[in-house]
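Dear colleague,

Please find below the structure that I am handing over to you. My notes on what was found in it follow directly after.

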Amino acid sequence: MQDTLQTLVSGLSLGAVYALVAMGFSLVYRTMGLVNFAHADIAMIGAYAASTFYLTSKLPFAVAMVTAIVVTGAIGLVIERVLRPLENKDFDLMLIGTIGFGIVLQAVAVIVWGTTGRAVPSPLHAAPLDILGIRVRTYDLLVMAVAAIAVVALALFLSRTKRGAAMQAVAMDHEAATAVGIDVGRSNALAFAIGAGLAALAGGLVGPMLYVDASLGGALGIKGFAAAMLGGFGSIQGAVVGGVAIGVLDSYAAGHFQGYSVLVTFLVFTAAIMIRPTGIFGERTVSRA
């Protein structure tokens, strides 16, 4: 029982990271009906940027994270601006464009940081907490707390602000939003920027948990994408539930199946999607084509 709870705690911290990645995927899809395939590589750039500001520039970890979020938010704006002329004209080319941006970001990472990668030490040096015989790393608690704050902040932004309401309107009906004077381009740009910021937050937080290299985006991206699908693509709450589910499943599989953990995780995921193709929250898919 104790081992099970220990595995659960580890899975929750990883699940919080996957949830952040999934939220970024879902936000852009919800607003534009577009899967941003560069999203995973933006997370990788965010991890590298945060580690550079933290280890090389010697900035406090929190400041390094915020700086990385700003940098990747700007990258998100650039991607959206380049793709904007294709919106509602050539959807397939937009998808290919996001793949192309992902390849460019991987090349930039190799040019700037090399292929060696880096290990990022935890910013918290406190000893693990002993809770009912379960050892909980303080950094895991920090990751879960930051992810929870990000989820609440995004939910409040979407429900309580004019910009958030505009994004919701664009997500529901693109043409009607345009007819009532909403700047669709600005809403899309904001979705890309926030999505990129969430990716950077995930990448920066996972740095002290995993090894930061050019392949990190693939590892985060595939599980974040799976989390978004499991929760219901386009659903923010679904992204959170899906992220936690994938994280816990991944942790249990790693503890019981070692080298076959990824296979087991995606076999279970595939079975779940076959049973409920629209995901847990079952939102109707969006099509802008």
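Arginine 137 has a relative accessible area of 40% and is therefore partly exposed, a class that lies between buried (under 20%) and exposed (over 50%), as judged with a 1.4 Å probe on protein chains only. Please note that this is a predicted model, in which local features need pLDDT of at least 70 and side-chain atom pairs count only at pLDDT 80 or more, while totals for chains, interfaces and linings use all residues. Residues are numbered from 1 along each chain as its sequence is written, and side-chain values use heavy atoms, with hydrogens and water left out.

Salt bridges

Side chains of opposite charge can pair when their charged atoms come close. The structure contains 4 salt bridges, each being a side-chain nitrogen of Lys or Arg within 4 Å of a carboxyl oxygen of Asp or Glu. In one of them, arginine 137 meets aspartate 140, with 2.8 Å from N to O. Aspartate 140 counts as buried because its relative accessibility is 3%.

Another salt bridge joins the side chains of arginine 84 and glutamate 80, at 3.0 Å from N to O. Here arginine 84 is partly exposed, at 29% relative accessibility, whereas glutamate 80 is buried, at 2%.

Lysine 223 also forms a salt bridge, with aspartate 250 as its partner and 2.8 Å between the closest N and O atoms. This pair links distant parts of the chain, 27 residues apart: lysine 223 belongs to helix H9 (residues 216-231) and aspartate 250 to helix H10 (residues 236-257). Helices here are DSSP runs of H or I with at least four residues, numbered from the N terminus. Both lysine 223 and aspartate 250 are buried.

Histidine 39 is part of helix H2 (residues 39-56). With a relative accessible area of 2%, histidine 39 is buried. Apart from neighbours within four places in sequence, histidine 39 is in contact with Val21, Gly24, Phe25, Gly195 and Ala199, where contact means heavy atoms within 4.5 Å.

Serine 235 is found in the loop between H9 and H10. Its relative accessibility is 0%, so serine 235 counts as buried. Phenylalanine 25 lies 210 residues away from serine 235 along the chain, yet 9.8 Å separates their C-alpha atoms. The side chain of serine 235 also makes a polar contact of 3.5 Å with that of glutamine 237, meaning a pair of N or O atoms within 3.5 Å, one able to donate a hydrogen and the other to accept it.

Yours sincerely

Definitions and conventions:
Helix = DSSP H or I, 4+ residues; strand = E, 2+ residues; numbered from the N terminus.
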